[in-house]
Amino acid sequence: MTAKKKKSPKAPPSAFTEKTVPPITDNPERSDTKAHEQIPLESIEAPKNLPAHGIWVYIEQLQGEVAPVSWELMGVGRQLADKLNCPLSGVLLGHDIQPLTELAFQYGADTLYAIDDPMLKPYTNECHSIALVQLCQAHHPEILLIGATTTGRDLSGSVATALRTGLTADCTQLDVDVDNRKLLQTRPAFGGNILATILCRDRWPQMATVRPRVFSKPEKQPERSGAVVWSDLGLDPSKTVMEVVERILDERTEGYLDEADIIVAGGRGLGSKDNFKLVEKLAQAIGGMIGASRPAVESGWAPYSHQVGQTGLTVRPKLYIAAGISGAIQHLVGMQNSDVIVAINKDPDAPIFRVATYGIVGDAATLLPAITQELGARMHGAPLGTERQL
Amino acid sequence: MNIAVCLKQVPDTSEVRINPKTNTLMREGIPSIINPYDVHALEEALTIRDRLGGRVTVLTMGPPQATDSLRKAISYGADHAILLTDRAFAGSDTLATSYILAGALGRLMDREPLDLIFCGKQAIDGDTAQVGPGIASRLGWPLLTYVTKIDGIDPTNQVFQVQRKIEVGREVVRCRLPALVTVVKEINEIRYAPLPDLIRAAHYPVEVWTNADLGLDASQLGLKGSPTWVNKISTPPMREKGEVLAGSDVAPAETARILADKLIPHIVVPNR
Ligand SMILES: Cc1cc2nc3c(=O)[nH]c(=O)nc-3n(C[C@H](O)[C@H](O)[C@H](O)COP(=O)(O)OP(=O)(O)OC[C@H]3O[C@@H](n4cnc5c(N)ncnc54)[C@H](O)[C@@H]3O)c2cc1C
């Protein structure tokens with residue numbers, strides 16, 4: 001896990017930051033001119049529905065680091081491409097991205113479509129959606145998969161509309177109907193109580209975003225390589241309408257929850273912030289990170305970045321320990337793909353036991369310290385699973 | 001500053017039933033609310049109007065009952081409300097919905113210029129987060145999603161600055177006006193509606209636009225204009241039945257020992 005992303009006060013130099021930008025304060029005087037120049041996506045023609053071919057995976061990167069979900073998608077994309085007997089391609093947008101290109105092939109791509117342009121250095125919806133739309137119109141992918149990160153959701157909505165095609169958000173299963181060449185896009189609907197399989201008719205690409213950690217990351221194949229197809233963005237920097245002034249990255253000392261191998265999560269059943277510390281102690285003892293249900297976050301026991309579930313993160317650790325969590329469907333959708341689930345709850349009928357590998361009926365406040373002591377002592381000296389073995 | 005806010009009326013519960021014939025949502029009998037994120041979008045629009053002047057217009061597409069949400073928005077302090085309703089709109093997916101809303105916003109702009117359009121980051125019944133981006137794309141307006149704060153607005157120079165949430169932190173973005181913004185809940189606290197506004201809301205003449213007013217291409221509306229369709233509904237697969245290790249009658253230390261026996265193989269990586 002990389003810990004290199006510390007607070008970086010300024011965004012990397014971009015096409016914009018060379019201008020000095022004065023701070024904006026409210027200025028109540030209304031201008032009488034509404035004239036503004038911009039690049040309307042509307043001016044990009046919708047595709048003429050030429051025969052579409054191939055599966056594309058959008059490779060999301062930030063400052064040279066690829067979002068893990070992109071490789072997870074490359075894994076499932078490979079399976080779909082083999083079924084449809086078509087090529088699998090990556091799409092990479094950014095500046096100075098050459099070093100990332102070989103990774104795409106090592107994770108399974110046959111081809112990589114790439115645009116390297118200073119205007120793509122910081123992500124902006126404006127330039128990235130134009131770039132992706134242009135590539136789609138030039139090469140007609142049949143299927144386009146994007147990670148359901150904030151950036152992926154920001155981008156996919158714009159691109160799907162510009163291409164006048166369908167988009168299914170937050171898929172948790174993907175398959176293909178080989179005869180009709182349809183992407184079967186399955187997503188939890190209505191609070192996760194049901195799964196809906198959605199199809200896109202007569203429009204291409206068939207677009208879907210997929211939640212991180214739903215699919216596992218494929219093994220890297222160092223010997224694989226392929227061809228990079230470079231394109232030009234061809235936009236006029238003076239006509240862009242938005243600029244990233246600054247990017248403030250979270251202190252990342254312990255990594256992201258959705259990359260953790262071990263998560264110890266607490267819920268409302270812990271009763272107090274003090275008791276929630278028992279969760280933190282166990283996590284510390286076994287090299288895990290803390291997770292939380294929504295009520296635990298709302299009570300201020302844990303930060304939002306640790307919330308697991310429908311409105312938080314989807315996680316897929318090797319071990320998920322849930323203490324004082326009832327197992328509402330909105331929580332389950334975020335953790336039920338964990339390899340091993342331990343539930344500690346005083347109510348033997350709590351729904352969490354339905355997904356638990358191991359269930360313990362009892363008081364979390366007394367059990368957590370006992371488990372911390374036992375596991376801490378038995379694991380003493382042993383190197384902990386810091387790397388996910390897939 | 002003239003601002004439009006797109007609201008969605010959503011069922012107040014996630015326990016929604018599906019019509020097995022059409023595979024669409026059955027909304028009947030379920031109490032409705034304004035999508036919670038949209039309430040924050042409205043609040044932000046009202047705050048800006050109170051500071052800089054102008055008008056706030058709320059729009060919603062939905063059945064006639066969606067007027068309730070518009071009245072609620074008027075009670076919060078919105079200046080004007082427009083309901084977009086037509087049988088031809090029913091069953092629209094996000095692509096068709098953004099077409100209808102963008103069409104209505106275009107019509108509104110024939111009447112008065114707009115500087116900002118606000119939406120919630122997503123609706124809690126669909127969770128797609130696609131309609132805001134779709135409207136922006138159709139209007140050719142810049143899009144700023146997941147906005148946590150508006151730092152400042154300069155209408156004279158037609159520029160504003162926001163902070164938005166990204167996966168690994170946040171970023172400060174400066175953008176030209178007009179623009180479309182989607183907001184997260186952290187952006188503000190909702191104020192309560194004062195009594196006079198409640199009275200005004202009850203009597204407010206909500207404007208109603210059908211497709212006869214909008215003149216949109218019928219082939220792009222409703223089910224017909226929606227490329228995505230639900231093919232199958234299923235229930236999530238259950239995990240295999242687990243093992244109950246110990247009940248409340250076993251001493252905590254003993255329970256911990258039994259659990260540790262099970263877990264150690266999963267969490268310790270063998271020495272390499
Ligand atoms: C649209 C929507 C989105 C949502 N998104 C999320 C989300 O992302 N994540 C999320 O978690 N929730 C989410 N929720 C909320 C979800 O529905 C549940 O309300 C929530 O998960 C319950 O949290 P909990 O299990 O901590 O609390 P509760 O449901 O109150 O459960 C507490 C549990 O602790 C047990 N308990 C009590 N005392 C003890 C003790 N001493 N020892 C052991 N056990 C004890 C109780 O038996 C009970 O089972 C969402 C809800 C909606 C409507």
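**Aromatic pairs.** I started with the rings of this predicted model and counted three aromatic pairs over all chains. The one I followed up joins Phe276(A) and Trp301(A), with 6.2 Å centre to centre and 45° between the planes. I noted this pair as tilted. Where do the two partners sit in chain A? Phe276(A) belongs to helix H5 (residues 273–285), and Trp301(A) to the loop between helix H6 (294–298) and strand E16 (319–323), so the pair ties together parts that are 25 residues apart in sequence. Buried or exposed, I wondered about Phe276(A) and Trp301(A)? Both turned out to be buried.

**Charges over rings.** Next I turned to chain B. I found the charged end of Arg107(B) over the ring of Trp209(B), 4.4 Å from the ring's centre. Lys185(B) has its charged end over the ring of Tyr37(B), at 5.1 Å from the centre.

**Where the chains meet.** I then looked up the contact between the chains, to which chain A gives 103 residues and chain B 97 residues. Together they bury about 8,500 Å², with 55% of it on carbon and sulfur atoms.

For the polar side, I noted 23 residue pairs in polar contact between chain A and chain B, both residues at pLDDT 80 or more. Which elements of chain A supply at least two residues each to the side that touches chain B? Among them are helix H4 (150–162), strand E13 (242–249) and helix H8 (364–378). H4(A) brings the largest share, nine residues.

I also searched for salt bridges across this interface and got two. I wrote down Asp154(A) with Arg164(B), whose side chains meet at 3.5 Å, N to O.

Note on methods: Residues numbered from 1 in each chain as written. Chains lettered and ligands numbered in written order. Predicted model: local features only at pLDDT ≥ 70, side-chain atom pairs only at ≥ 80, totals over all residues. Heavy atoms only, no water. Phe/Tyr/Trp six-rings, centres within 6.5 Å; stacked < 30°, edge-to-face > 60°. Helix = DSSP H or I, 4+ residues; strand = E, 2+ residues; numbered from the N terminus. Buried < 20%, exposed > 50% of the residue type's maximum accessible area, 1.4 Å probe, protein only. Lys NZ or Arg CZ within 6 Å of the ring centre and 35° of its normal. Contact = heavy atoms within 4.5 Å. Buried area = accessible area lost by both parts, 1.4 Å probe. Salt bridge = Lys/Arg side-chain N within 4 Å of Asp/Glu carboxyl O. Polar contact = N/O pair within 3.5 Å; in protein donor to acceptor, adjacent residues only side chain to side chain.
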